[in-house]
Amino acid sequence: MVNQAKIDAVDELAELFKDAKSIILNDYKGLDVESISELRGNCREKNVIFRVIKNTLAKRAFEKSGLAEVESFLEGPTAIAISYEDEVVSAQVLNDFAKEYELPVFKGSIINGRVLNREKTVHLASLPGKDELRAQVVGAFIAPVRGLITCLDASRRNLVYVLNAIAEKKGAA
């Protein structure tokens, strides 16, 4: 007989996966309760949901969500980090935490419905976030204009220096 609590848990997970921009699957084995609590706090600060999940329930939820290809990632202890705002932020939070504690270890990810393996997930974690990328693009567009303005302004400034030097020389004479 099927347990109603498990059916509800699968439905809840499927609902979490539904509108997520990124779902990062990771192995948290080796982290104690205090460390996991700290990681959850770091995730909360960035609006990332961090949950430890049962693999059998997760498999059913992913199947229900149309993401059955992630089944290979669901071996051993599994935790998920879900972000609804930014594709990169959940991977960055986990990666920053892993730099200090060497855990959790990425298993794979789903970014906007696309499944990425471990290596691509690690690469994703090293990318800058949307806001940083936007700032870099704006900076790249502004740099030539700023250079032109500085160049045009320099000729006026130099003219003023020359006229000032002539005025001082005539005033001294």
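**Legends: Ser22 and its chain**

**View 1. Ser22 in its strand.** Ser22 is a residue of strand E1, which covers residues 22-27. In this predicted model, Ser22 has a relative accessible area of 0% and therefore counts as buried, the cut-off for that class being under 20%.

**View 2. Polar partners of the Ser22 side chain.** The side chains of Ser22 and Ser90 are joined by a polar contact of 2.8 Å. The backbone oxygen of Glu87 is also reached by the side chain of Ser22, here at 3.5 Å.

**View 3. The surroundings of Ser22.** When neighbours within four places in sequence are left aside, the residues in contact with Ser22 are Ala81, Ile82, Ser83, Asp86, Glu87, Ser90, Ile110 and Ile111.

**View 4. The fold around the site.** The protein chain holds six helices and five strands, and from the N terminus on these elements follow the order α-β-α-β-α-β-α-β-β-α-α. Of the contacts between residues at least 6 apart in sequence, 78% join residues at least 24 apart, and 36% of the 173 residues count as buried.

**View 5. Extent and surface of the chain.** The C-alpha trace spans about 110 × 35 × 25 Å along its principal axes, and the radius of gyration of the protein chain is 27 Å, whereas a compact globule of 173 residues would have one near 16 Å. Carbon and sulfur atoms account for 56% of an accessible surface of about 11,000 Å². The chain carries 24 positive and 25 negative side chains, with the centres of the two sets 6 Å apart.

Technical notes. Residues are numbered from 1 along each chain as its sequence is written. This is a predicted model: local features need pLDDT of at least 70, side-chain atom pairs count only at pLDDT 80 or more; totals for chains, interfaces and linings use all residues. Side-chain values use heavy atoms; hydrogens and water are left out. Helices (H or I, at least four residues) and strands (E, at least two) are DSSP runs, numbered from the N terminus. The radius of gyration is taken over C-alpha atoms; the globule rule is 2.2 Å times the number of residues to the power 0.38. Buried means under 20% relative accessible area, exposed over 50%, partly exposed in between (1.4 Å probe, protein chains only). Contact means heavy atoms within 4.5 Å. Accessible areas come from the Shrake-Rupley method with a 1.4 Å probe; for residues, only the protein chains shown count as cover. Lys and Arg count as positive and Asp and Glu as negative; His and the chain ends are not counted. The place of a charge is taken as NZ of Lys, CZ of Arg, CG of Asp or CD of Glu. A polar contact is a pair of N or O atoms within 3.5 Å; within protein, one must be able to donate a hydrogen and the other to accept it, and residues adjacent in sequence count only if both atoms are side-chain atoms.
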